[in-house]
Amino acid sequence: MVSFKPTRIQLHPLPVGGIDEGSKPTLTCEADGGKPPPIFEWYITGPSLNITSLPAANNDVTYSNGTGLRTSQVVLTVDRSMYKATVLCKTEITYFFVVQNNVSLNVNLFPGVPTFRGFTGIFDDGQSKTITCESTGSRPAGNITWYMDGRKQSNPNTHTYQNPDGTFFVTSSISKRFDKSMDGVNLTCKAMNDVLQRQHRLPVQTTVVLRAAYMPVIQASNGTLDVYEHNQAILRCYIDARPMSSENQVYWLKNGQMVMKDQRISTNYSIKNGQFDLHIREVKRDDIGQYQCQASNRLGIARSSPPLNLNVFYRPVCMTSSIEKLAASIGQTVTLTCRVSANPATNVTITWRYKTRNTIIKDQQPSYTDPYVAKTATNSIQIKLQASIDYTDIECIARNDVGTMLQPCLYMIVKPGPPDIPKNCNITLDGKYELDIKCTPGFSGGGDQYFILQRIQGVSFISVKNNNLEPTFNVSDLVPGKNYTYRVCAASVTYKGTVSCSYTLSIQTPSDNSGIMNETVAAASPQDKTLYIVGGSLGFLFLLLLTVIIVLCIVKRRQQISRAHLSNSADVVIRSKNKTEIFQKDIVKSDNIEIEKQLNNINIK
């Protein structure tokens, strides 16, 4: 069979304006005059493609001389990968006759899907912010438009740049002041160019949902919550914030101070719905106050307002924690005042009674001191001392709608006497050369008392400071590296011969080469009292009580007098039927007091 090569082989060119992404152009390759009809093979290759064969459809026309016309067509579905690609049409009649034609694809591209530069939709409430949207890869260049909740935004700032590969990059920005009212609004960035318009396509777009970040907003009950003592109280608030407050950013406050959790008080916080509860079990009267819920995040701190008032109803409680002593002589009248805290305090009834006799003195209604605020009730009675039996204990018992007080207020009417010893003494070293000594005054004995500071010197105590109206002393000019021992004594002008002293307080100053110290040392005695008594007529009292004891005391007295040249103090042991007491004579020199120096004159308190 005789073969003829084609007289014409042609690959038809594409349109001058190129082909658009998304279109389906047809490429045609012809071979005319060949015998037998040639074989066509189609390939595409490019920067983004490997060599790939393309399916084709052939059409033949046969001439009278046995030759013919063969047409081969390929339909392309143009996509972005074909940008700058090449299509090849290979024509072959025999292995020795091969012709290859190619055409470069001039592809027009859609704009790339726009993206927000560094913006996820979250903004701070009240923030002025510039948001940028970008689209790249369009050919020809595209344009960007903005929409907020479907409304086109005006005056964006748009710029176009050409990429090295011939495509275009478009950037556009808008500036706005964002507030919480925009929360949930859709912000859309749209990119459009001629390729999309020719194909009647919609712009490519990206949408973010605006989310306002805002400081906490708190909803909580206000007014007053009434609860009975020993019952349970639950305080609740709801927190709305973005970002949501974490567990360590939420607190309950009482009177402006953070409520501390313990076995009785706990909190429960649900970040999911913002519920924050304060649980108070076994409510106490100390829980009364104004409560607020507080929450914070990176944008600020918020408190519930107005606060919730927690009102606790409780039975009366004495406002003094210890027995109140009153000193008076026979024939005098004493006034006893009972002060109780109660809620409600407007319906308190107070009963006075002799404790030991178990007899009622008086039942009456108290007067009130601002009961709606202080929740206090006050009542006073006067008792005239007729005989020694009136030196006794008296109780004040109060009751209200909640119940009767558990512990009555106690009062003790006693004979006038020397002051009690100072209590709760401690000594504080402040630096190397100064110290402070503080005590709590004891019962004055019915008169005016003053206080004396004594320091041990050798084997006895000497007075270093006196006539203080309070048991508080400052001592300076100390020597470094030395031990000091002090005690605090109480005295009164009425009972000049009696001095009541605390147990000793000892402390050592630091050495010269040591650092400055600040140390507090309390009195070490388990009972915290020692009584020192001076004056009186001991010999006369002993002669009246026990002749045998007088003889023993005379012997001891002679021994003590012999040692008086070496010491300013002596000990006398007096044994009675029921107890043994030790009294120590002290020499106290003062501008305001004279203390007798003979051991014969010792009063027993």
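This is a predicted model: local features need pLDDT of at least 70, side-chain atom pairs count only at pLDDT 80 or more; totals for chains, interfaces and linings use all residues.
Starting with the core, the largest nonpolar one is made up of 25 residues. Within that core, Leu336, Cys338, Val340, Trp352, Cys409 and Tyr411 have the most contacts. Five strands each put in at least two residues: E31 (333-343), E32 (349-354), E35 (376-384), E36 (393-399) and E37 (409-414). Strand E31 gives the largest share, with 5 residues. Tyr411 is worth a look of its own.

Now for the charged pairs. Side chains of opposite charge can pair when their charged atoms come close. Across the whole structure, a search turns up 15 salt bridges. One of them joins Arg198 to Asp20, with the closest N and O atoms 2.8 Å apart. Here the partners come from distant parts of the chain, 178 residues apart: Arg198 belongs to helix H1 (residues 194-198), while Asp20 is in strand E2 (residues 19-20). Arg198 counts as partly exposed because its relative accessibility is 46%, whereas Asp20, at 12%, is buried.

A second bridge brings together the side chains of Arg298 and Asp124, at 2.7 Å from N to O. Arg298 sits in the loop between strand E27 (289-297) and strand E28 (300-303), and Asp124 is in strand E12 (residues 122-124), so this pair ties together parts that lie 174 residues apart in sequence. With a relative accessibility of 55%, Arg298 counts as exposed; Asp124 is buried, its relative accessible area being 19%. The cut-off matters for that last call: buried means under 20%.

The side chains of Arg242 and Asp183 form another bridge, at 2.5 Å from N to O. Arg242 is part of strand E22 (residues 233-242) and Asp183 is in the loop between strand E17 (168-178) and strand E18 (186-192), so the parts tied together are 59 residues apart in sequence. Both partners are partly exposed, Arg242 at 24% relative accessible area and Asp183 at 27%.

Conventions. Residues are numbered from 1 along each chain as its sequence is written. Side-chain values use heavy atoms; hydrogens and water are left out. A nonpolar core is a set of buried Ala, Val, Leu, Ile, Met, Phe, Trp, Tyr and Cys residues joined through side-chain atoms within 4.5 Å. Buried means under 20% relative accessible area, exposed over 50%, partly exposed in between (1.4 Å probe, protein chains only). Helices (H or I, at least four residues) and strands (E, at least two) are DSSP runs, numbered from the N terminus. A salt bridge is a side-chain nitrogen of Lys or Arg within 4 Å of a carboxyl oxygen of Asp or Glu.
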